[in-house]
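Student: I would like to learn how to read a model like this one. Where do we start?

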Amino acid sequence: MTLARPLLAALIAAAALAGCDGARPDGPRQQWLARSAELQRTIADDPAAIRPRVELARAQLRLGNGPGAEASVKAALAAGANDDYLRPLLARAYALQGDGKRALAALDAGPIAPEMIGEAAWVAGDVHLADGDLGAARDAYDRAVRERPRDSALWVDIARFRDANADTLGARDAVDFAIELDRQNSAALAYKANLTRTQDGLNASLGWYEKALAADPDNADALIDQAATLGDLGRYRDMLAALRHAATLVPRDPRLYYLQAVLAARAGRYALARSLLQRTRGELDDQPGVMLLSAIVELELGGQAVAVNWAERLIAEQPHNLTARRILAAANWADGDADAAAEALEPIIDRTDADSWSLLLAARVASELGRKGEAADDTARAAALAPGEAGPFAVDNGYGSLAAAADAAPLDPARAVPAISADMAAGNYGSAIARAMRLRDANRGVADAHILLGDAALAGGRFGLAVESYRAARALDAGERTTLRLANALFRAGDPAGSGAAILTLRDSQPSSIAADRLAGHLAMDIEHWDQAAAHFERVRRRIGNRDAVILRDLARAYAAEGARDRALPLIAMAYRLQPLNGEIMLFYADLLEQRGNRQAAQDLRDKAAQIGR
């Protein structure tokens, strides 16, 4: 890793320069720029001309130049253009500048020309979608489609709307129709890439990004999304080449700095990551990924109070984000606030599948607070290195009120999901499955609906239904959350081969998945493919460092089994330092020490393991 850091830092710096990429073939953007220049010359020759000004406004809208389009529309109006026709264009210019309120006000300022009604509805749909008003957006888009049923660009925005509604099937159908209408629609091809990334994995999406950029080499959104995908695949040079090109098009786009900050943090260059995050100027501060990265960076740089603030903001948005809770606990602990650290850890420690790192920190916190019994219990759970099954999240409201609310509106997820969780917590699995099935039937294009039914079925012991539900969910979203559930359900249903195949498929489609590599390593160990197991565990160790005793232990086992005991010994030593009370680690460490001729140290470890086991 240390050898990679100077290279990564140099590459990040090169991307930030946003220099010239050399000559490129003229794509749609270059053509629109040329047309804009031509129209501006026409207007200079005839300042009273209206049509060239309107056409210039449309060209500027295509280029994403909201202020320029606004100025051109207003100049056309001042020259005597028809207000009824230009209101939607003015609204679109305001919307491009992020001013949805002015956009809607422009649409409401007077009548709309009949031929522009579809455009007006389309702009309104985009504004409502950006504001999160999905009901109003649906009505506006329905009107727009009635007026412009074969507009490829409109169907891309409809795909975005359906995706925002978690309607994966609907989004896929909409973007496929957009491509059918115009196979050179770069925005449609890029959105298809985004959907494919979720559905089929990182590698599968790259071909669609390439098609999008072949249609328009200057599609900045496609370049940035492609860069993020390449980064997740570990292809950092390709990632930074895409970022550098995007920087020539949108040099101040905060996403450029965020992605570079992610890469800097992965290289351990946290000061550089902080600097890059600051260059986003707060424009992405409401994004969960930015909150999480900011919390990690500040914690690594000793800014515990700032890290606490970022972690608390993220938890307010995502109460069940366990990673954010761990960071919050660590930051509070480092800042000397043991009570706050204990409060942050409580929802994790209360789970039967609590991880050993959280349990060890909880033990230290409890010990400082004088809770010796809790500290001993947490230490014992951590030393076992054997978490239990995950249970449903606890619910705050009374069971009766939740059930009544869900019965009154069985298809409202805000009411049905808490009732399903309460049913599961109370052991009423039949009721949970029935509620989840009704919700699934009404939302077959939504992966979460299938996952919810699978979770209820798995908890109720109906493994066949769980497998069926998770397979349906994975057809919509092939990420970790669906594939790992499917693998677990297949294993519990008595199909270990199918479970292993699902894990390996995840490993192939999502090479950045730590969980997939971890499980693939265990599968390789089961069939005594020690070199493959070691490769999987090494990839995990490179991503998370030497802080997971289980990974260190299993990696040591794999190396020892293939005869590389010199590599195994320092790894099991690190695992022992992390978990000095784990008998299994002590015995394995003792065996390796004895093989190296250190019999006394080996016997001391065996004696300690025997004392702890009494």
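Tutor: With charge: the chain has 72 positive and 82 negative side chains, and the centres of the two sets lie 3 Å apart. Lys and Arg count as positive, Asp and Glu as negative, while His and the chain ends are not counted. A charge is placed at NZ of Lys, CZ of Arg, CG of Asp or CD of Glu. This is a predicted model, in which local features need pLDDT of at least 70, side-chain atom pairs count only at pLDDT 80 or more, and totals for chains, interfaces and linings use all residues. Residues are numbered from 1 along each chain as its sequence is written, and side-chain values use heavy atoms, with hydrogens and water left out.

Student: How many helices and strands does the chain have?

Tutor: Helices (H or I, at least four residues) and strands (E, at least two) are DSSP runs, numbered from the N terminus. Here there are 35 helices and 0 strands.

Student: What caps the N-terminal end of helix 9?

Tutor: A polar contact is a pair of N or O atoms within 3.5 Å; within protein, one must be able to donate a hydrogen and the other to accept it, and residues adjacent in sequence count only if both atoms are side-chain atoms. Asp 151 is the cap, with a side-chain oxygen 3.1 Å from the backbone nitrogen of Ala 153. After helix 9 comes Ala 166, with a positive phi near 65 degrees.

Student: Is Gln 579 buried or exposed?

Tutor: Buried means under 20% relative accessible area, exposed over 50%, partly exposed in between (1.4 Å probe, protein chains only). Gln 579 is buried, at 3%. A polar atom of the Gln 579 side chain lies 3.3 Å from the backbone oxygen of Ala 382.
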